[in-house]
Amino acid sequence: MYSTGSSSSISVTIGDLNRDSRLDIVFISNDTSTIGIMLGYDEFFPIQTTYSTGTAPYSVAVGDFNSDSRLDVVVANRDSTTVSVLLGYGNGSLANQTTYSTGSKPYSVAVGDFNNDNRVDIVVTNNGNKTISILLGYGNGSFENQTKYATGSQPYSVAVGDFNNDNRVDTVVANWGENTISILLGYGNGSFGNQTKYSTGSGPISVAVGDFNNDNRVDIVVANWGENTISILLGYGNGSFGNQTKYSTGSQPYSVAVGNFNNDNRVDIVVANNGDNTVSVLLGYGDGFFANQTTYATGSAPQSVTVGDFNNDTHLDIVATNWGDNTISILLGYGNGSFGNQTAYSTGSGPISVAVGDFNNDTRLDLVVANFNEANVSILLRYDRGALKNKITFASGDGSRLRSFAIYDINNDSLLDIAVVNYGSNSIGVLLGYGSGTFGNQIVLSTGLNSHPYSISIHDFNKDGQVDIAVVNNGTKNLVTFLGSENGTFENQGSYGVGFDFAPLMVGVGSFNKDGRLETLVAYDGIDHVDVLVTHNIGSFNHQMKYSTGNWPKSVAVGDFNNDTLLDIVVANNYDNTVSILLGYGNGSFADYTMYSTGNLPLSVAVGDFNNDTLLDIVVANTYDNTVSILLGYGNGSFADYTIYSTGNLPLSIAVGDFNNDTLLDIVVANFGDNTVSILLGYGNGSFANQTKYSTGSTPTSVAVGDFNNDNQLDIIVTNWNNNTISILLGYGNGLFVNQMTYSSGLSPESVAVGDFNNDTRLDIVVANTNEKSVTVYLGYPNEGF
């Protein structure tokens, strides 16, 4: 809970005021006549929980060792000649360790399926006796006794991959004592062939694998501690490798990892430099060569590095353990190969190794760190409670009695601004944003004597490309508009207006009748209906017909619900958890509504025949209880009580289609809260299978379906509001979908629709970008995307 410092904070809204991809909160306090801003920030990993290991834990890895779909942890304990296995409960906590013997001085641990039994096995380097140990897993969390294989002198690090394309897992070991790596090819039955050695630089201390030249063969990168380089050894795909090529790093490179940091489908490299407190990023050209390093500061003496998407923006980030100051450093990636400044989080003493995984099944990446000096591991769960910094307060003026406000980019500088309603001083105020969470002085516009403005809405009412403001005045019972100019200024007084019979309380804007003009909705004090006013191109208004609904109507769809060949309307009423049915008379008028209950906070509605009785049914996305409601239609305009099916977190948008080609309608839901879509396959009797979820970008807001690659199978398109992308999920035609492909959109894409815009018989896409006053059109190409 956060204090506003007021006993009368009456209005609140959200937006990204300082362009950090975190939502901020703006509120007004009526008693103090102030605007308050609380900037959102990401806490990431503020709290650690520790679990005991053996003595001097040196390396950590993760895997599902007991086949329960929950991540477990394995640690190599240097001084107790063991590995510790800690099974995960799936809620972020771990069971007590079970230990297994290894060779002398186990330094590094990795996991893989070495005998092709679909169970995770363990490999450990034994620095003290020139071997690796293989511990085959039983799939229940326990392991066989070790089997050893010879390596070079002082094996320090191990990684796994298929080096000869036989679908069997092989191992590569960095041999510190003789400046080589050892390749041990796996037979697929848990045993390995004799080692083959390749030269490296001086003091090879860490090894990782990846395809550096895009030939579908696994290559190797080695960090050479003794000469401040990395070695690249390109694989031939038959288990052998070319001679090394070296690239410079920082001082004393201690750990290496790989990933695609600039979204070019080429593998890049990151190195932790223990001697100069940096990480080096080397971007790959995709041909086996790399650009010169770019370095970024970390904490003191970084020992281990790995990568993951820690802020769910689809860009890879970096985490490094800092031995010298008992912290980890998080460096967030921009997706172009560069990274932000580090943020440090506390660990135990002597953090020496880090691994990444989702330990509490919340779809967010967590960390496990081996603390050498404390004989334990730390679990750091990704923490995001919506933390807010101390509020920033802006005074609106004495006696202003702030009533409501809106945020919008008023002066077209891509920065959010604030417009406030000053009930007491009969004015509205505009505060232009600087993009840092701070704002300029208020620009005051008079709404008229005793007008007492109550609510505000912002839009381009006269289609001149500039933002205008509409205000409803409770005192004078009217609506006025202020037309905007290019630099964010407005006419001194309202230009056009319309009077009302009742005191207006709320105003909203949208386009509802496809005539290219905006409609304005006005709600009043003491009556249960809204007025819809159509906007002419000079910013003035005319009365239109109005029809009552439930409270806070949020979504509308149409269909013939009583089989009279006339279109009817269904409305999702967000506030009172209902849908309203308005039966059409065929002359443009409608009967009074009939209401039916839904789940909690219905936000999106769609129609279809879900039980194959040729009668239209209704499906509703219920945002606050993470469900959809199905209301089966009787064909006479009435509907059965709803049944519910689970979705992901905060379902915002819904669409229907036949995803598995069984001629039965299925459902897809965009889940804003956990960055997924849910697929619910229909049985054709009005019931649905349990959801299957697929990842999207960050905060999906709208979903639609279509055949985007002309394979006669339905695909899915989703707008991702928070990271300014759209996701395409191509369908296999059996109810399953390929992992998402993402395309950049405008700022804050909120709605999507599909159609053939260029008459080439291929579906195209249009996306509405909320925060930059634009739509993006993607033309479809056969088998090539958009």
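**Close-up 1. Strands β46 and β47 side by side in a predicted model.** Strand β46 (residues 568–573) and strand β47 (residues 578–582) run antiparallel and are joined by 5 bridges. Here strands are DSSP runs of E with at least two residues, numbered from the N terminus, and two of them pair if DSSP finds at least two bridges between them. For one of these bridges, look at V571, whose partner in β47 is S580. A quick note on the model: it is predicted, so local features need pLDDT of at least 70 and side-chain atom pairs count only at pLDDT 80 or more, while totals for chains, interfaces and linings use all residues. Residues are numbered from 1 along each chain as its sequence is written, and side-chain values use heavy atoms, with hydrogens and water left out.

Close-up 2. A pair of aromatic rings is described by the distance of the centres and the angle of the planes. Rings of Phe, Tyr and Trp (its six-membered ring) pair if their centres lie within 6.5 Å; planes under 30 degrees apart count as stacked, over 60 as edge-to-face and the rest as tilted. That rule gives 26 aromatic pairs. Y547 and F590 are edge-to-face because their planes stand at 85°, with the ring centres 5.7 Å apart. This pair links distant parts of the chain, 43 residues apart: Y547 sits in the loop between β44 (541–543) and β45, F590 in the loop between β47 and β48. W552 and Y575 make a tilted pair, 4.8 Å centre to centre with 50° between the planes. These two are 23 residues apart, W552 in the loop between β44 and β45 and Y575 in the loop between β46 and β47. As for cover, Y547 is partly exposed at 26% relative accessible area, whereas W552 and Y575 are both exposed (buried is under 20%, exposed over 50%, partly exposed in between, with a 1.4 Å probe and protein chains only).

**Close-up 3. An aromatic cluster.** Eight names to pick out here: Y58, Y107, Y156, W176, W225, Y254, W323 and F372 form one aromatic cluster.

**Close-up 4. The open sheet β17-β18-β19-β20.** Here too 4 strands form an open sheet with antiparallel pairing, in the order β17-β18-β19-β20. β17 (204–210) and β20 (245–248) each have a single partner strand, so one side of each lacks a neighbour in the sheet. The twist averages 25° from one strand to the next. Strand β19 (residues 229–233) pairs with β20 over 4 bridges, and T229 has S248 as its bridge partner in β20.

**Close-up 5. N66 and its surroundings.** N66 lies in the loop between β5 (57–63) and β6 (72–77). At 19% relative accessibility, N66 counts as buried. Leaving aside residues up to four places away in sequence, N66 touches D72, L87, G139, N140 and G141 (contact means heavy atoms within 4.5 Å).

Note on methods. Axes fitted to C-alpha atoms, helices over the stretch in contact; angles between N-to-C directions.
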